Amino acid sequence: MRKNFTDLDLNRSVGNLLRLGVILSVITSLIGFIKLFLEGFTMPKDYSFPPLNSSQKVWANFWDSLCLGKGEAIIQLGILMLIFTPLMRIIFALIGYLKEKDYVYVVISAIVLAIMTISFLTGYAH
């Protein structure tokens, strides 16, 4: 016998997903902070940011540092996990609404997901 997927099930699942995302983000950031202080972290003397057109270099440096297990990169990973938690919540809810066959909320979730994805991919700093 197949159990129907209800609103309560969806709300519990989404709540668990949000909790899990925050918990994993905090744990990852704490590991990064511990690693950072064990590495002998010192404050940088230059606080300038890279030019806007160098985002590929920033991502490459991030991945290289993360692969080396540097504390700063692990902290940044924790922050990225925290940023992407709401995005995962929308994807999760979209799938839940599809299972419930609640197509109005499927469309609304898809629009919100598209807006968030576009903003993540095209965002820039002044």
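How close do the axes of H3 and helix H4 (residues 103-122) come, and at what angle do they cross? The legends below take up this question along with other views. The model is predicted, so that local features need pLDDT of at least 70 and side-chain atom pairs count only at pLDDT 80 or more, while totals for chains, interfaces and linings use all residues. Residues are numbered from 1 along each chain as its sequence is written, and side-chain values use heavy atoms, with hydrogens and water left out.

**View 1. The chain as a whole.** The chain has four helices and zero strands, where helices (H or I, at least four residues) and strands (E, at least two) are DSSP runs numbered from the N terminus. Along the sequence, the pattern reads α-α-α-α. Of the 126 residues in the chain, 24% are buried; buried means under 20% relative accessible area, exposed over 50%, and partly exposed in between (1.4 Å probe, protein chains only). Among contacts between residues at least 6 apart in sequence, 72% join residues at least 24 apart, a contact being heavy atoms within 4.5 Å.

**View 2. Helices H3 and H4.** The axes of H3 and H4 come within 9 Å and cross at roughly 155°. Axes are lines fitted to C-alpha atoms, for helices over the stretch in contact, and angles run from 0 to 180 degrees between N-to-C directions. H3 and H4 are therefore roughly antiparallel to each other; angles under 35 degrees count as roughly parallel, over 145 as roughly antiparallel, 65 to 115 as roughly perpendicular and the rest as oblique. Residues making the contact include Ile83, Phe84 and Pro86 of H3 and Tyr103, Tyr105 and Val106 of H4. By class, this contact of H3 with H4 has 17 nonpolar, two polar and no charged residues. Ala, Val, Leu, Ile, Met, Phe, Trp, Tyr, Cys and Pro count as nonpolar, Asp, Glu, Lys and Arg as charged, and the others, Gly among them, as polar.

**View 3. Helices H1 and H3.** The axes of helix H1 (residues 7-38) and helix H3 (residues 71-100) come within 7 Å and cross at roughly 170°. That makes H1 roughly antiparallel to H3. The contact of H1 with H3 has 19 nonpolar, ten polar and five charged residues. Thr85 lies in helix H3 and counts as buried, at 8% relative accessibility. Leaving aside neighbours within four places in sequence, Thr85 is in contact with Leu17, Leu18, Gly21 and Val22.

**View 4. The largest nonpolar core.** This core has ten residues, among them Leu10, Val14, Leu87, Ile90 and Met116. A nonpolar core is a set of buried Ala, Val, Leu, Ile, Met, Phe, Trp, Tyr and Cys residues joined through side-chain atoms within 4.5 Å. H1, H3 and H4 each supply at least two residues of the core, and H3 gives the most, with five residues. Not counting residues up to four places away in sequence, Ile90 touches Ser109, Val112, Leu113 and Met116.

**View 5. Phe62 in helix H2.** Phe62 has its place in helix H2 (residues 55-67) and is buried, with a relative accessible area of 6%. Beyond residues up to four places away in sequence, Phe62 touches Ala73, Gln76, Leu77 and Leu80.

**View 6. Lys101 in a loop.** Lys101 is found in the loop between H3 and H4. Phi of Lys101 is near 60°, a positive value in a residue other than glycine. At 58% relative accessibility, Lys101 counts as exposed.
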